[in-house]
Amino acid sequence: MTDQQHTYQGYGQNQEPYPQQPQPRDPWQYQEEHQFYAGEAHQGQVVPGEVVRREVTESGSWMFDGQISAYTDQQTYETYAPYDPYATYTAPTATVTAPAPAPQPAPAPVVPETPGYVLPPVPESAWEMDTKRSRLLGRLALLCILLIQTGLSLRLRGTAFQDEALYIASGHYELANLLHGDKLPVDFAAYFSGHPKLYPVVAAVVDSQFGLTGVRLLSLVFMLGATGLLYSLTRRLFNPRAGLGAAALFSVLQSTIVLGNFATYDAAAVFLLALAAWAVVRTDRMNVLAVLLAAPPAALAFGVKYASGMYLPTLVVLAVITAHRHRGIRAVGRGVVLGAGIVALLGIGYVLSGPLGGISSTTTDRAKGTDTAATMLSHSAEWGGLVFLAALGGSIAYALRARMGEMPWLGAETSGRWRRVALGLVLTGTALLAPAYQIHLHTEISLYKHVGFGLLFAAPMAGLGMARLVGPHFRHPQLGILLYVLTLVFGMVQAQRAYSFPDSTQMTDYLRTVVDKKGTYLAEEQEVPAYYLRDKTDWNQWQNTYFMDYRGKDGKQYTGPDAFRQAVRDGKFDAIVMHGSVSPATYAAVKEGLKNNSHYRLAAVFPFTTSSGESAYRIWVKR
Amino acid sequence: MTLPSSPARAMWPVRAVAAALLAGALLSGCTTFSDDGRNAYERAQGEEPGATADATESEKPEPPYDVRPLLQPDKEYLGVAADGAPKKMDAVKDFAERAGKKPNLIEFYSAWGDRYETSLVQNAWDYGGLSFIAWEPFDVDLKDIASGKEDDYIRTYARSVKELNLPVALSFAHEMNGFWYPWGTKKATAAQFTAAYKHIHDVFDDEGATQVIWVWSPNVVNPMPKVKLKPYYPGDDYVDWVGIIGYYATDGPSTWDALYGPSITQIRSFTKKPFIIAETAAQAGERKPADIKDLFQGTAKRKDFIGFVWFNFDKETDWRINSGPLSEKTFREQAADARFGFDVTKP
């Protein structure tokens, strides 16, 4: 260590200058132990005359397993105590027999002064400092994590889910609207949970080249990117080991696995949030204004999926906590700058995009459901409980001690306790936002995806928790492996269950022989056939099974299930495709309408199985 | 010197966290790895819960046969029920040779408990004929069919129909308004008949056997005018064809209108479904050539009649078209009418 390092001043709680003397000692510090095993690294701290001291006097006691064992120093042998990072050292009892050590010069009083340059905290990675080799190893491990994530995502298979079909199909219409000014079949912006001109358009472009698989692969790229950014930002926040832990845990979550093969906004939004968080952390030591780099991805994340807005405050607070160069009001300034940047961008976006009814109908003012808080809590716990617990453990461990103390000679600078507590609270607490909000709305729709958004933020703390669980010098690797494997098994099984929707191949193949440009078709999850048959039909030919207003042939006005019943009786639809698992009330009404109805004939039944059971597409056609 | 910390104490957070993680895992594992959870997982894999791998054969990708064009074709069916057909097509070929036209509807009889004769249906189809099966519930109570006691059999039958994926006309318990069959008016009520008929239809729908053309096949009302047909009618959603049965007998009505008219009037009061004459023939005799001509002309005249099935048997009396040379000649002349016969594979 250089003198410079001895005198610089950290800005955390631990502001004492590096101690010059081996005594008096704080038992939590490890100054003494270097004299026993540290190699060259400790040379600079050893008081002059070490040899003399050893010859003559020094004897200390080490405490292992609650017992004090005394090692009498002998001049010709180094004493090798079994290394225990938790061991504490007691100062040698003064049994000096021979000439006292030469009086040492009194340490020069340290003059607190503003440093001209603040060294960044040295990452605590292993026995060594963060070297090229450790970085390479970290990246190799990250590569393995990403490969496992890819495998877990790609093992899921299926035809387009309702939402995927909706977004991609709408993207095609939006694209035609952008390029050729074609009229949109419906105002998608009025009911989409993200801006219809952002992700859907990208998805449609990819879809026309590579099909649904291509769009899903794009999502995989987004999720892999999110994992990579998570590694990077956690490494910068803490150390590479925590980074690997965070990436490993996040990569095997149910939501991550599912979203990595799911052509919806979610993957893009997660990626953008990760990018914003990474930018916040990456610019921690830069000029305050550099944090503005995080504003575009953050604002874009909101545009891509409005629910991401819930996590923007986390980003702002994170900007405050990670403001390394600044303290107090100046750190707050960093958050203000970021917040203002995001708000400004969103304002511009709003002015450009016009009214977005979808924000309120899907996100802020969503229709309240009937799901109970207990169900949602237990489901959230199933989906993210392990990682949340790990994050909680990490936060507590981090609040207690900034470092594990593997390299006590690096004990220079760490964040102060308040900063550590705040970081843990904010990141871990963010994982609770989505469940809390959806419990407030009483609806569990998409919660299985949304927990993943929060866990993205909790993952750094979980990674740190995993690193602490493993302990200094990989003391308990089995615990880390246990945590990872448990998370993986849960994630894999739950993803398989979540990623289970009707196989529509036969249904769309059959409908292809039935539909034309003029007909009207009633279909449960009408987005799916509307997407697959968009070359043969127009969006508005497909009637959904959720809402319908209908003026019957008897002249009466009907709504809800009655409308469907009457429309079927009147033979309004040229084909009806139902399976009853999405709109059971409409299905019952349609069946009633089909009773004694000579308009329709059951044309095909295509059974399918999903994780919720067996069912079948039933297709009725006009006779 | 006493110290504030000991290794045991230093270990506690690690142990506590590990214990908390395990407890959390066990708690959430209760649902994820429960029996229900495992079943859901297997289903999501596309497997039957608890099934072995070979039981998960995928469905045939072929779309179900669309029978709609066969329901109301522009031309008339020229059907035949002949001895041994369609197991052996000799009798049908002989009929075709004599009639000068290939029949395109081949009727045969199947007793309750018989399996769906896929090879026969395939045979007929290969010849160019749609199969018309009269499904006769001998030795079974209509009540048992309606109550679901026979569902295993019906399901197996329906699955075979679906698997073969060829159109087939199915007439269950024909002549139910007569007294001569065990499912007739002496043994069962109209309600029991409709309940059984609807139940079979529902099971077929449930299995997705949509290849069936459902034929409701009453006898002409003339022999038992007091039996009203309406109570026997299962409903428009259960019926594709009204397969009326009436023979030209020497001691019965001698004209098309007299033979079928009264039944048509009654049936048209409750349904507009197309008619097919599901069984007919003329008793050998002097009148036979005239009856044959009357049958062709009467059927062709009415737009809502889509053809007839000639009962070409020598049973009780000689119903065959070749019972006499003049009959055969008349039949050949009449069948030459372009309105009769068409390719059922390309209607």
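Visitor: Which residue stands opposite B:Phe275?

Guide: In this predicted model, B:Phe275 stands opposite B:Phe305, which belongs to β8(B). Local features here need pLDDT of at least 70, side-chain atom pairs count only at pLDDT 80 or more, and totals for chains, interfaces and linings use all residues. Residues are numbered from 1 along each chain as its sequence is written, while chains are lettered from A and ligands numbered from 1 in the order in which they are written.

Visitor: How many bridges join β7 and β8 of chain B?

Guide: Strand β7 (residues 275-280) and strand β8 (residues 305-312) of chain B run parallel and are joined by 3 bridges; strands are DSSP runs of E with at least two residues, helices are runs of H or I with at least four, and both are numbered from the N terminus. Two strands pair if DSSP finds at least two bridges between them.

Visitor: And what do the 8 strands close into?

Guide: They close into a barrel with parallel pairing, in the order β1-β2-β3-β4-β5-β6-β7-β8 of chain B.

Visitor: Switching to chain A, how is it divided?

Guide: Chain A has domain 1 (19-90), domain 2 (159-177 + 185-402 + 414-498) and domain 3 (505-622), with bounds from an automatic or database domain assignment.

Visitor: How many residues of domain 2 are in contact with domain 3 there?

Guide: In chain A, 12 residues of domain 2 are in contact with 11 residues of domain 3, where contact means that C-beta atoms, placed from the backbone, lie within 7 Å. Helix α5 (residues 162-180) of chain A gives the most to the domain 2 side, with 7 residues.

Key:
Two residues are in contact if their C-beta atoms, placed from the backbone, lie within 7 Å.
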